[in-house]
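Subject: Structure for you to look at

Hi there,

I'm passing along the structure we talked about, with some notes to read beside it.

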Amino acid sequence: MSTTQQTASTRWESQRSFDELGRPLRDLTFTVVDLETTGGSAAGGSMITEIGAVKVRGGQVLGEFQTLVNPRAEIPAFIAVLTGITNSMVADSPSIESALPAFLEFAAGSVLVAHNAPFDVGFLQHFAKQQGRPWPRFEVVDTAKLARRVVTRDETPNCKLSSLAALFGSATTPNHRALSDARATVDVLHGLVERLGGLGVHTLEELQTFSSKVTSAQRRKRHLAESLPHAPGVYLFEDDRSRVLYIGTSRDLRTRVRTYFTASETRSRMGEMVGLAASVTGIECATSLEAEVRELRLIAEHKPRYNRRSRFPEKVHFIKLTREMWPRLSLVRRVLDDDAEYLGPFGSRRVAEKCLAALHDTFPVRQCSGRLPAAPSRSPCVLAEMGRCLSPCDGSTDSSTYAEMVARLGDALRRRPDEVVDAVNRRMSALAAEERFEEAGAHRDRLSAFVRAAARTQRLSALSGCPEVVAGRREDDGRWSVHVVRFGRLAAAGVIPAGADAHQFVAELRATAETVLPAPGPVPAATAEESEKVLRWLEAPGIRLIDVVGHWVCPVAGAGRHLALYDAVSQSRLSLVPFDEHRLPSPIHQPAR
């Protein structure tokens, strides 16, 4: 090889590694397939009568495949008229049991292409499953779907194969015969690829996810993903003044960031963000959980304008059962080291107020503000006159009776919510019996808010009370990921290298883990969202506890056992349709041929 040739080759390989945007279309082999059938549904008993396919690469035809298929059933008259395939033509043809393996062998290792691919590929998959034959992991391109994103109504009234073949000047006119239609689809595919090439779409990945909503300006910035690794981590989009615009996380940083500059990112808000982006910084993480936690912390720190969630973890509310002579419930924004009981955190004041109402409906603690002396001598309020407060302010109750009621309230917050659940359920039943359904619904929402808050607090308090939890899980690659959690905060994460001493690795990970100090409240050392992510990981299948320092326990009779009911209620409400919105039957369209 000459020096010039070597230089050209090196530049070519360098260019490919520089872009690394996927598999170039010019290097891929496509098998364009078309079927003729006796009807529109394989599951409904329709059969394949003909398979036609053309294999192409780099615009060149490599081979063709065509066979009639004996459907072992009468071909409907209108199908015979449409396709020209008659019962006598297929009488001596192979069955689908013979034709399908032959086609799969022809198409092996290629990308399948079809016009209205769900129809053709769906039939092939159906019969492969019927024969007990494993379906190859074909990647599929649908020319009809692509055309709807590229071709305008000014060019053609619809995206039928015949219309597109005429638009792109196909040498073959579709005639409802499999091979002819496949040849026409090849020309349509080439026409679409040529048009998309001018829009910066050059790889299979970009072709499969193309959307006209992604601008060429976005695609030109795809080089920003160049330096990112194929590893889990956090990515930060920054503008030309190094201000963080958006923070995200992914199991594969380079692949995920690349999608912001290709067709798979169609959100207008993200398009605006990419337009402002001047750089992307990646922070590689040992595990996906570490990446998720780092994302939360960075969002809270930078508060990027294009992140909608997790920007203000400090904006939460708690319900506090005060520690004083005559305790009461109040809404607070911070947890103090004052030995009081706290329920929360709540993401919104509205939900916290619903929960507070459920507690006040059950326990008649005073609702007035300020401290009361040991022997108060005030006038009773309206709530006292209505019997909704024990009214310590006017001496209507003694301290021991009030303290007993407060003790039951504290027990409902910490361990056993049954008294609240039973009281609100009785109230709902009474209202429903009187056909006061809106009021009953309001009480249902209050109870749901309480149950969810109590379950959340009990779970978070259990974890945040543990000085240390060390756990591991075997990942898909066979290695073990290990996390160290201290007082509910992720303190360290790592993956045990192949061949390493697991005990030594865990010991070193614990020794180098972040020092976390305990603090009061249900989420003392981290945000609630971070601790909940850690909890979800700890409760996932396959987790193995390596060591627990302290006691990680939740009450057996806690609020968590009521969650399934209220989750089901919430899901059923989402499925309801208002009485003035009529459900219309879904239209069923036959695939355009």
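How many bridges join S1 to S2, and do these strands run parallel or antiparallel? There are nine bridges, and the two strands run antiparallel. One example from this pairing is Leu 35, whose bridge partner in S2 is Ile 51. Please keep in mind throughout that this is a predicted model.

On its other pairing, S2 meets S3, again in the antiparallel sense, this time over eight bridges. Here Gly 52 has Gln 66 in S3 as its bridge partner. S2 and S3 make a hairpin with two residues between them, and Gly 58 in the turn shows a positive phi of about 60°. S2 is also largely enclosed by the rest of the structure, because nine of its ten residues are buried.

Stepping back, these strands belong to an open sheet of five, ordered S3-S2-S1-S4-S5, with mixed pairing. Its edges are strand S3 (60-68) and strand S5 (140-142), each of which pairs on one side only. From one strand to the next, the twist averages 20°.

The parallel part of the story includes S4 and S5: strand S4 (residues 111-114) is joined to S5 by three bridges. Within this pair, Val 113 has Val 141 in S5 as its bridge partner. Packed on the sheet is helix H8 (residues 178-197), which touches strand S1 (29-37), strand S2 (48-57), S3 and S4. The direction of H8 makes about 35° with that of S2.

Now to the nonpolar core. The largest one has 33 residues, and those with the most contacts inside it are Leu 343, Cys 355, Leu 359 and Phe 450. At least two core residues come from each of strand S9 (317-321), strand S11 (341-346), helix H14 (349-362), helix H16 (399-414), helix H17 (418-433) and helix H18 (437-464). H18 gives the largest share, with seven residues.

What does Leu 359 touch, leaving aside residues up to four places away in sequence? Its contacts are Ile 319, Leu 329, Leu 343, Leu 409, Leu 413, Val 420 and Phe 450.

Best wishes

Methods
Residues are numbered from 1 along each chain as its sequence is written. This is a predicted model: local features need pLDDT of at least 70, side-chain atom pairs count only at pLDDT 80 or more; totals for chains, interfaces and linings use all residues. Side-chain values use heavy atoms; hydrogens and water are left out. Two strands pair if DSSP finds at least two bridges between them. Helices (H or I, at least four residues) and strands (E, at least two) are DSSP runs, numbered from the N terminus. Axes are lines fitted to C-alpha atoms, for helices over the stretch in contact, and angles run from 0 to 180 degrees between N-to-C directions. Contact means heavy atoms within 4.5 Å. A nonpolar core is a set of buried Ala, Val, Leu, Ile, Met, Phe, Trp, Tyr and Cys residues joined through side-chain atoms within 4.5 Å. Buried means under 20% relative accessible area, exposed over 50%, partly exposed in between (1.4 Å probe, protein chains only).
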